[in-house]
Amino acid sequence: MILRSSSNRSVVLKMKEKTIEKKDLSGFIDSLLEEYQVFAPTIAEGIPRFDRISSSTQVSLDSPKLERSPKEVFFPQCETLFTYQLIDGKMTMEEPPALESERVLLFVRPCDVKALTLMDSVFTSWEPKDTNYLDKREKTIIVGRACSRPWSTCFCTSLGVDPFGKEGMDLVFEDIGDKYVVEALTERGGKIIDGSSLFKDAEKKDLENLKEVSKKATEAIRSELDVKEIEKKLKAIYDDSFWGKVSEKCVGCGVCSYLCPVCHCFDVQDEGTELKGKRVRIWDACQYPIFTLHASGHNPRTSSRERIRQRMMHKFSYFIENFGELACVGCGRCIKGCPGNMDIREVLTGIMATEAD
Ligand code: SF4
Ligand code: SF4
């Protein structure tokens, strides 16, 4: 049976589960490298992040989750939109070429894959669609990895994300000890394991183990929040003194936005001269004082009170109005990364407990 998922991928229900021994994983990755550009969890410049690899030896699966999310594989921190040059009085412009072949992104956690489906809404819901993003997204096979070792800051289950969820994935690897249970969820996910002798049919015992591991992983997430009425509540406390108190911890560094797998604001700048240069887009963040500074000098968000409120309103109210979903997947990165110890779980709890002034 063929269904459509939210990211418009063709979903095959239901292929028989396979297994692969952990010792054979490097062989599988090296075989992928013969055919695809492969991105995987690795340590690049000392930072655990998703990056392009050229050998399976570069893959690092030690960190339960990566500090940097996979959004930069589709929406790079700095991206050239086009170059320009004045030649013989005529301006020529050239866009970067589209990707020539398919890519594989390996071992993405369910929260981060869910975040990609939310980014899809932003970049592809309106005309014109963002072709820079769309090209990368359409040509990338997503291989997920079930999350059996959550961080202490994870609260995905409170926001409807399942650590063993499969939404948006083409293929998923689920760790059951000395091997992985592997499930193909789309035709193109199936295609990358088809014909490989490294994968065997899963046995009953493997699937029983999987159930057990999945149950334990969900129980390991300790944070429980009730955000059912959050949208209504945010509207009711828009002008409340709550925002002044909560913003005292914020130093406006923007780390929360940069680490967030869902935050997608960017600036567009020209680099070069009137004769030659390029137009680039770079990540931006609503926590910066100049983010909303108008050319006239007027700034509608001059204080961190207004900027923190904007961050929460966007994630838990405006995004629902625009796309029917929350713009937070409970990955906990902003909590881990904030130098002011701002904890979005505490902010959410505070919002739910506040009665309007
Ligand atoms: S990471 Fe913390 S201090 Fe930095 S902008 Fe975000 S909330 Fe403010
Ligand atoms: S707001 Fe924080 S917890 Fe939510 S998705 Fe972004 S980084 Fe993760």
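Contact here means heavy atoms within 4.5 Å. On that basis, and setting aside neighbours within four places in sequence, Asn299 is in contact with Pro289, Thr292 and Leu293. The model is predicted.

**Overall fold**

- The protein has twelve helices and 14 strands.
- For 357 residues, a compact globule would have a radius of gyration near 21 Å. The protein has 22 Å, so it agrees with that expectation.
- The C-alpha trace spans about 65 × 65 × 40 Å along the principal axes.
- Take the contacts between residues at least 6 apart in sequence: 73% of them join residues at least 24 apart.

**Surface, burial and charge**

- Of the 357 residues, 52% are buried.
- The accessible surface is about 17,600 Å². Carbon and sulfur atoms account for 51% of that surface.
- There are 52 positive and 57 negative side chains. The centres of these two sets are 2 Å apart.

**Asn299**

- Asn299 sits in the loop that runs from strand 14 (276-283) to helix 10 (304-323).
- Its relative accessibility is 14%. Buried means under 20%, so Asn299 counts as buried.
- Two polar partners involve the Asn299 side chain. One is the side chain of Thr292, with a polar contact at 2.7 Å. The other is the backbone nitrogen of Arg301, which lies 3.0 Å from a polar atom of the Asn299 side chain.
- Pro289 is ten residues from Asn299 in sequence. Their C-alpha atoms are 8.4 Å apart.

**Asp284**

- Asp284 is also placed in the loop between strand 14 and helix 10.
- Asp284 has 17% relative accessibility, and therefore counts as buried.
- Beyond neighbours within four places in sequence, Asp284 is in contact with Tyr258, Cys265, Phe266, Asp267 and Phe291.
- Asp284 and Pro76 are 208 residues apart in sequence. From C-alpha to C-alpha, the two are 12 Å apart in space.

**Taken together**

- The loop between strand 14 and helix 10 holds Asn299 and Asp284.
- Asn299 counts as buried at 14%, and Asp284 counts as buried at 17%.

Note on methods
Residues are numbered from 1 along each chain as its sequence is written. Chains are lettered from A and ligands numbered from 1 in the order in which they are written. This is a predicted model: local features need pLDDT of at least 70, side-chain atom pairs count only at pLDDT 80 or more; totals for chains, interfaces and linings use all residues. Side-chain values use heavy atoms; hydrogens and water are left out. Helices (H or I, at least four residues) and strands (E, at least two) are DSSP runs, numbered from the N terminus. The radius of gyration is taken over C-alpha atoms; the globule rule is 2.2 Å times the number of residues to the power 0.38. Buried means under 20% relative accessible area, exposed over 50%, partly exposed in between (1.4 Å probe, protein chains only). Accessible areas come from the Shrake-Rupley method with a 1.4 Å probe; for residues, only the protein chains shown count as cover. Lys and Arg count as positive and Asp and Glu as negative; His and the chain ends are not counted. The place of a charge is taken as NZ of Lys, CZ of Arg, CG of Asp or CD of Glu. A polar contact is a pair of N or O atoms within 3.5 Å; within protein, one must be able to donate a hydrogen and the other to accept it, and residues adjacent in sequence count only if both atoms are side-chain atoms.
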